[in-house]
Amino acid sequence: MFLLPFSFLCLGVLLENSLCVEGSDVLELGDADFEVRVAAHDTLLVEFFAPWCGHCQRLAPEYEAAATRLKGAVSLAKVDCTVNSETCGRFGVNGYPTLKIFRNGEEASSYDGPRTADGIVSYMKKQVGPSSVPLHSEADLNSFINTFDASIVGFFSGTDSLQLAEFLKASSALRDSYRFAHSTDLRIGLKHNVDTECVLLFRPPHLNSKFEESVMKFTEPISTSLLRTFIRDNIFGLCPHLNSGNRDILRTSDLLTAYYGVDYVRNPKGTNYWRNRVMKVATQFQLRGLSFAVADWEEFQEELEEEFGLGLSDGGELPIITIRTRAGHKYIMQEEFTRDGKSLENFLEDYFAGRLKKYIKSEPVPESNDGPVKVVVADTFEEIVNNPEKDVLVEFYAPWCGHCKNLEPKYTELGEKLSSDPNMVIAKMDATANDVPPNYDVQGFPTIYFAPAGQKDQPRRYEGGREVIDFISYLKKEATNPLVLHTSRDDL
């Protein structure tokens with residue numbers, strides 16, 4: 001199944017479930033009371049939604065759970081834009097869901113964090129209180145860094161330190177993503193070899209390993225940009241724990257992930273047993289442009305089945321290894337993971353040598369494909385859509401999409417009208433059951449592209465109308481060769 005990230009704007013797919021939750025901890029705001037009620041909160045997260053929006057409906061239970069867990073610390077609210085258009089228009093809402101953070105009644109920033117309950121809770125906790133927590137003793141420091149998240153702590157010679165002022169500016173700018181603390185007593189950091197003003201990045205204690213340093217030191221003059229770069233380059237270390245809260249960040253790199261029973265609460269020793277074996281091999285390849293992570297099999301079970309075809313029977317005690325690149329290429333380690341790490345080492349050597357076969361999710365190739373609209377699956381995309389001698393108009397659809405169902409008879413009619421054209425192919429592919437090539441940006445359904453003959457590396461998104469005459473007009477302008485239209489008796 002092709003999954004749309006929640007950050008994508010809802011395209012108007014009407015789903016049946018309701019957004020109404022009895023006894024909700026989410027505040028409901030409207031045009032009449034928005035300004036007054038928002039001003040009553042130091043910090044408030046507001047979701048602007050539409051009841052028919054599928055993405056909003058999928059977010060609803062996560063948002064509700066987050067509101068309950070954050071009760072008493074920070075409030076969550078929502079505005080139904082279908083009946084409160086004045087408020088939604090004032091804040092430039094043009095897609096759903098849109099989330100914004102308000103401070104003392106004023107819009108402070110867009111919410112760019114995770115869309116899971118855990119992620120929302122973690123993100124919004126960082127929005128409450130000071131951007132950097134003052135530490136007054138070694139006990140305060142130990143308490144602050146003893147957490148499941150990385151910690152950035154500045155050590156300064158006094159409250160009048162110029163570097164402290166710059167640190168506080170940086171913490172305010174970066175509080176959405178990281179947790180900060182500071183001390184104006186250098187002695188508090190003696191245990192960590194602090195003898196002059198500096199910033200230390202403490203990786204989470206449960207991820208401490210002999211294969212890397214657990215504390216990283218920043219000694220340059222502090223600025224927001226330099227500190228941001230330092231944190232970004234060091235926060236995750238050699239092999240972080242991939243989860244729903246950090247996956248979008250980690251997957252901006254080519255990433256190898258070991259999936260198994262990761263549980264740092266109930267089984268930290270067993271979890272690190274396999275992580276250490278991954279890290280031992282990772283040290284040999286860490287400078288070759290590939291990142292590494294471990295993740296809980298159960299947390300990503302649905303994704304593994306949809307993206308890699310790995311079902312329940314594939315999971316077990318031994319880690320399952322996958323690679324996903326920024327370009328969208330996917331690989332699965334076929335050999336069983338060995339405790340000495342040799343199978344992983346061999347897999348990586350084959351990957352860097354270009355000997356691995358990419359995993360492509362594909363429906364079976366149709367036994368017959370003689371209709372006016374050619375059915376494309378991932379395994380035939382190269383043959384049909386990337387045929388260098390044909391112009392191809394290809395629709396990416398979802399079986400459940402109402403807009404796609406409305407388009408189907410018109411698209412079929414278009415195929416019939418062009419069925420006699422030897423140079424033109426009208427095609428469609430179920431994007432929920434087949435991998436979409438990375439140079440096709442499919443964020444909603446239907447998405448239509450035109451792939452001209454001889455220019456298959458430069459497909460053009462179709463943005464025109466959805467009537468047959470609209471498609472015909474577009475293709476007359478864009479086709480490599482003059483269109484050959486089939487004329488029926490009804491057209492005479």
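Q: How many salt bridges does the structure hold?

A: Side chains of opposite charge can pair when their charged atoms come close. A salt bridge is a side-chain nitrogen of Lys or Arg within 4 Å of a carboxyl oxygen of Asp or Glu. The structure holds 24 salt bridges. This is a predicted model, in which local features need pLDDT of at least 70 and side-chain atom pairs count only at pLDDT 80 or more, while totals for chains, interfaces and linings use all residues. Residues are numbered from 1 along each chain as its sequence is written, and side-chain values use heavy atoms, with hydrogens and water left out.

Q: Which parts does the pair of glutamate 303 and arginine 251 tie together?

A: Helices (H or I, at least four residues) and strands (E, at least two) are DSSP runs, numbered from the N terminus. The salt bridge between glutamate 303 and arginine 251 spans 2.5 Å, N to O. Glutamate 303 belongs to helix α10 (residues 301-308) and arginine 251 to the loop between α8 (247-250) and β12 (255-260), so the pair ties together parts 52 residues apart in sequence.

Q: Is glutamate 303 buried or exposed?

A: Buried means under 20% relative accessible area, exposed over 50%, and partly exposed in between (1.4 Å probe, protein chains only). Glutamate 303 is buried, at 12%, whereas arginine 251 is partly exposed, at 21%.

Q: Which residue meets arginine 187 in a salt bridge?

A: The partner of arginine 187 is aspartate 185, at 3.1 Å, N to O. Arginine 187 is exposed, with 60% relative accessibility, and aspartate 185 is partly exposed, with 24%.
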